[in-house]
Amino acid sequence: MMTTLTFDAPADPILERRRRIQSVASASLRRRKNYSRVAIGVCWVFLAVAIVPLIGVVAYVVIKGLPAWNADFFTQVTEPEGIPGGGVWNAIVGTAVIGAIATAVAVPVGLLCGLFLAESDGRIAGAIRFTADVMTGVPSITIGIFGYIAIVKNTGHYSGLAGAFAIGIIMLPVIMRAGETAIRGVPFHLNEAALALGARRATVARRVVVPAAMPGIITGVLLAVARGLGETAPLLLTIFGNQYLQWNPTKPMEALPLVIYNYSSQPYADLVQVAWGAALLLMVVVLVLSIGSRVLAAVLQREKR
Amino acid sequence: MALPNGAYRGLLATVAAVFVGLVLWFVISLIVQAKPAFSTLGFSWIVQKTWDPTHGKFGLLPFILGTIETTAIALVLAVPIGLGTALALAYLVPHRLRASLGTAVELLAAVPSVVYGLWGLIVLAPLCREYLEPFLTSVFGWTGLFNGPDQGVGLVLAGIILFVMVLPTMVAISRDVLAVVPNDQVEGAMALGATRWQVLRKVVVPGARTGLLGGLTLATGRALGETVAVALVIGNSPYIAHSIKSPAATLPSLIVNNFGEATGTELSALFGAGLVLLVIGVGVNAMARALVRSTARGGAASVAVA
Amino acid sequence: MIEPTPPASVEERVNFNTGEVLMNPSVGEPIMRLDDVTVSFAGRNAVRGVTFDVHQGEITALIGPSGSGKTTLLRALNRMHDTVRTASVTGSVKLGATDVYAGTTDATLLRSRVGMVFQRPNPFPTMSIYENTVAGLKFNGVRKKALLDEAAESALIAAALWDSARDRLKAHASTLSGGEQQRLCIARALAVEPEVLLMDEPTSALDPIATKRIEELIGELKHRVTIIIVTHNMQQAMRVSDRCAFLLMGEDKAGELIEFGPTAKLFSEPTDPRTLDYVNGRFG
């Protein structure tokens, strides 16, 4: 191999350093590359480790839950152990009624609060924003306790309403912050243009800002509802459970999460079966809400363009 | 209906005030209801070791420890595995799969915790008793942390269920913040001769640390406050666990298991347990927020003026 | 009084791990040779059939209108396209005796020999000024504090950042101004002591004063490292470069080399009419 080597060149400190650095770099190359390969391999292993239980949960619920789904499951009320048949109609009604009441109250209140936060920047708004953030992280059981103290204790009995109260409080800060974010995302010029035309703020909010923020608001609301419906702990302290069909929210009610919780630790196979069926139903409802929120948001976003 | 501007602002402020009122009502009612326990038992009952309602003893220490221990187990598993998974999803998985896998993870974050509890109790508990616990005992038995019989339910299982439960949340957040580390940072490191791992470890992860910390906080909060999933798999024993395999209880599981029959001082003590839980939860949250704010100031702020 | 250093022996100049000759060829000799280099993405050519030599100790500028593939070509020289799945580079790029795209050439190691400075300053925001400067050395396995310190000081001096930064080496890189950040990025690249430094429009994100400092700097760095600079600014190319490569988008939308030669000649008496049009401002 022909190379040009200049032996008589003065020793340049930079060339000297280059030589040292390059020899360290090539000497350590194999170690560095192996380290990189191992570390990245570990990431892949962790990915697999994470996927296995998550798929396991979903697959198991589907496999165990589907056999429980029959006509009776959706039309009959829960039966005590030993009595064959029975369904979760009473729990479906309870979850639906409680969810509907909680949503009906939390959405308008949450959105108005979100509007307030989006339009205010002061210290008070900051404090409220902080409170809302902290409230989203508060253990849900403590909110169940609050539902018990505020409604059950004062009315003297457990009721679906107490459950809806607790679930609504859990949903409220989520809706607030999602609403604020969505509203703040509305281009300022829309707002300005309408105000410049002499429109009142309330009109601008109703006709311009809120419609423009709708995709974000709907996503936030549906996610909040999904979260609310899956909550179990607050319901345990507020609605008591009811093995009969009950449409009246001022009375104790049953709910899907309660069925899962109460039946899963029973030593009777048929009750555990019902628990799996209820788990599948709850999971499907929650996933449909989550996926639906994305699809709807995407569709609305596209329509706007 | 077109409200005048003053009335409109007034309406918004009123509704916001209602929210603040609700939160105040929440905190105050919890304090008021827990007060009898404090006045009968003094403040020290919180750290006493014995929970024995029939003899008027309501020490919360076993449950505080149980809460901390299960959360710690969950985080020890969730931090490395969650970070590794998030790195894989953000940088290693082929582009075509990234979006769909990411969505799947986000959807899993929405699965109700009681479903995880049911799965843990019926599927994982037997596996834990037959395989995992004997294995852990044979490998780590010398530490003395794994004494006692293999029971399936207990601290280990509760920790694992919490890990599985918080994992999607943590991965979803971590993946998002890792993926938004600017590409010019990645290229800058690559162009200096960094290996793939060096790029991830020295540039991407530090660049996302604020968001990663946020995800960790959220996961910690969920683990601390989780009630039903833990109550189903922890074995609910009111004694301080002497082994990681022992049945134990956490503050939330204590509340939910004893609430039905409790009256008088015991009920008040349960409200007190809720108050302690609330303080821990809010404390962790506030601490993390402060931490996030200080690291955010540390550097991520405006790097270059374009 | 400087001690006369005995000439380095042959052993010291040959890296026996790779068989490469570490000594640079003398000034003016070709250090990088591009032969029929074509870069394509998903089968579509972005740069086609570029051939020219980069000379040791000189500044070579790549000029041409946007879309002519200057940056794409530059990024082919340190294999930055490796991460793009659909990208492919054909033809030959040689760095000294090393075939850049040979299967046995490691891209990581290559990049420690061919440094790069980007359009926008991109210091690592979580690292201090010092940590930024030595980041490349640490990536390359250098652990000796003495070597790190020596290289960092030399690089910061060379990047004209030493005087203003020596007292705040522990400060975050984000505390520097835009121009200083770009000089930090230059120092970061220099600290590894690369043989070639690629600069991709290094002043496009900077104000005129910062631009002037960087241009002066580029001139001073010549003795230390061979520079290839992409610029859309012809005055800049004229001011800083020794040789110029003029690229233009061909009919198939791929950039091709129109003319290559000494800067003065390329600007005063180009051989190709298209070059004349461009240097006279007749292209967009």
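**View 1. Antiparallel pairing of strands E11 and E12 in chain C of the predicted model.** Strand E11 (residues 243-249) of chain C and strand E12(C) form an antiparallel pair with seven bridges; strands pair if DSSP finds at least two bridges between them, and helices (H or I, at least four residues) and strands (E, at least two) are DSSP runs numbered from the N terminus. C:Cys244 lies opposite C:Gly261 of E12(C). Five residues separate the strands in the hairpin of E11(C) and E12(C), where C:Lys253 adopts a positive phi near 70 degrees. This is a predicted model, in which local features need pLDDT of at least 70 and side-chain atom pairs count only at pLDDT 80 or more, while totals for chains, interfaces and linings use all residues. Residues are numbered from 1 along each chain as its sequence is written, and chains are lettered from A and ligands numbered from 1 in the order in which they are written.

**View 2. Parallel pairing of strands E4 and E12 in chain C.** Strand E4 (residues 44-55) of chain C runs parallel to strand E12 (residues 255-262) of chain C, joined by two bridges. C:Val47 has C:Gly255 as its bridge partner in E12(C).

**View 3. Contact between chains A and B.** Chain A contributes 64 residues and chain B 67 residues to the contact (C-beta atoms, placed from the backbone, within 7 Å). On the side of chain A that touches chain B, helix H2 (residues 29-65) of chain A gives the most, with 18 residues.

**View 4. Surroundings of B:Val115.** Not counting residues up to four places away in sequence, B:Val115 touches A:Val57, A:Val61, A:Ile260, A:Ala279, A:Leu282 and A:Met283.

Definitions and conventions:
Two residues are in contact if their C-beta atoms, placed from the backbone, lie within 7 Å.
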